Amino acid sequence: MSENKSMNNQIQEMLDFISTESINTAKPVNDETSNLFWVTEIENTVDSIETAVAFFDRRDEYKWKWISFALHHALYSLCIATLVHGNYEAVLKSQGPDDKHYFRRGPEDKWKKSKIIRLSDSPYYTIEWTEIENSPPEVKNKPNKKPKKGQLISFWSALSRVQDQEYWMGRLYGIKALKLSESQVKNIVWLVVDVRNDLMHFIPKYYGILIDDLKAAYIDIIEAIEFLAFKSNPFLFSLKPEVEKPLKDAINSIKQKINT
C-alpha cells in the first residue's frame with residue numbers, strides 16, 4: 001500500500017511539473033530528497049560544462065578524454081536549446097532533412113530550397129538557400145525515409161542550423177546566427193571526429209593527442225556556446241532565467257581552467 005502511495009505521489013509530482021512547465025513557472029530541483037531526476041535542455045548544458053571543469057582537477061591524463069566528451073555534449077545541448085523556441089518538434093528528424101527543404105516567409109514571397117554544403121569529406125556542413133520559381137512538389141517536403149518518432153537531429157544538423165540565418169535562426173525577429181571561422185570549424189570537427197568519436201569507439205592502437213590542440217578546440221567550443229547563450233538572443237533565459245547565472249559561472253570557470 002505504501003509503495004502504491006509513493007508511486008502515486010511521484011506520478012502526481014511529474015504531472016504537476018508538466019502542467020506548469022508550459023507557462024514556465026516550474027523550477028525542478030535535483031537534491032538528495034528528490035525521488036525524481038529532472039533534466040532540461042539548458043541545465044543539461046550547464047551540467048556538461050561544470051563536469052568538464054571538475055575533470056580538469058583530475059591528476060591522470062585520461063581527464064582530457066572526459067573533458068572532450070563533456071564539451072562536445074555541452075555544445076550539442078545548447079544548439080538544441082537554441083533551436084527549440086518552445087516547440088520541441090523543431091529539433092526532431094521527423095521535421096525533415098536539411099537538404100532539399102522548402103520554405104517561404106509570406107504568401108507573396110518566392111519559395112526557397114535548401115542545399116547542404118559539405119566541408120570536403122567531413123560530416124560538417126552548412127545550409128544554403130536558393131529561390132525557386134515554382135511551388136515545390138508536395139512529396140519533396142517529406143523525408144525520403146520517415147524517422148522514428150522522437151528521434152533527435154544529429155550534432156552536425158544542430159550545428160548547421162544555428163549557423164543558418166536565413167531560416168532556422170531567422171524564424172523569430174532579432175536572433176543572430178552563429179558564425180564560425182575556418183579555424184574554429186577545423187578545430188571543432190577535429191575534436192568531435194578525431195578525438196571524441198575516436199575515443200568513444202576506440203580501435204586498439206597507440207594514439208597521442210597534443211594537449212595544446214585540445215585546449216585550442218575547447219576555447220572555440222566555449223566561444224560558440226557563449227555566443228549562442230548570450231549574444232544570439234534566442235530568448236533562452238526568458239524561459240529559464242534561473243540558469244543564466246550558473247551558465248555564466250560555468251563558462252567563466254572553464255575558461256580559467258583552460259588558460260591555466
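**Group meeting: the core and a helix pair**

Hi everyone. Of the 260 residues in this chain, 39% count as buried. Please keep in mind that we are looking at a predicted model.

Let me start with the layout. The chain has eight helices and three strands, and from the N terminus the elements run α-α-α-β-β-β-α-α-α-α-α. Among contacts with a separation of 6 or more, 65% are between residues 24 or more positions apart.

Now, the inside. In soluble globular proteins, nonpolar side chains tend to be buried together. Here, the largest nonpolar core holds 62 residues, and the members touching the most others are Leu75, Leu159, Tyr218 and Ile225. Several elements each supply at least two residues of this core, among them α2, α3, β3 and α8. Which helix gives the largest share of this core? That is α3, with 13 residues.

Take a look at Tyr218 on your screens. Setting aside neighbours within four places in sequence, Tyr218 contacts Phe56, Trp64, Ile67, Ser68, Leu71, Leu191 and Ile258.

Let's stay with α3, residues 63–84, and bring in α5, residues 182–200. Their axes come within 10 Å and cross at roughly 125°, so the two helices are oblique to each other. The crossing is left-handed. On the α3 side, Lys65, Ser68, Phe69, His72 and Leu75 take part, and they meet Ile188, Leu191, Val192, Val195, Arg196, Leu199 and Met200 of α5. By class, this contact has eight nonpolar, two polar and two charged residues.

Technical notes. Residues are numbered from 1 along each chain as its sequence is written. This is a predicted model: local features need pLDDT of at least 70, side-chain atom pairs count only at pLDDT 80 or more; totals for chains, interfaces and linings use all residues. Side-chain values use heavy atoms; hydrogens and water are left out. Axes are lines fitted to C-alpha atoms, for helices over the stretch in contact, and angles run from 0 to 180 degrees between N-to-C directions. Helices (H or I, at least four residues) and strands (E, at least two) are DSSP runs, numbered from the N terminus. Angles under 35 degrees count as roughly parallel, over 145 as roughly antiparallel, 65 to 115 as roughly perpendicular and the rest as oblique. A crossing is left-handed if the near helix is turned anticlockwise from the far one by less than a right angle, and right-handed if clockwise. Contact means heavy atoms within 4.5 Å. Ala, Val, Leu, Ile, Met, Phe, Trp, Tyr, Cys and Pro count as nonpolar, Asp, Glu, Lys and Arg as charged, and the others, Gly among them, as polar. A nonpolar core is a set of buried Ala, Val, Leu, Ile, Met, Phe, Trp, Tyr and Cys residues joined through side-chain atoms within 4.5 Å. Buried means under 20% relative accessible area, exposed over 50%, partly exposed in between (1.4 Å probe, protein chains only).
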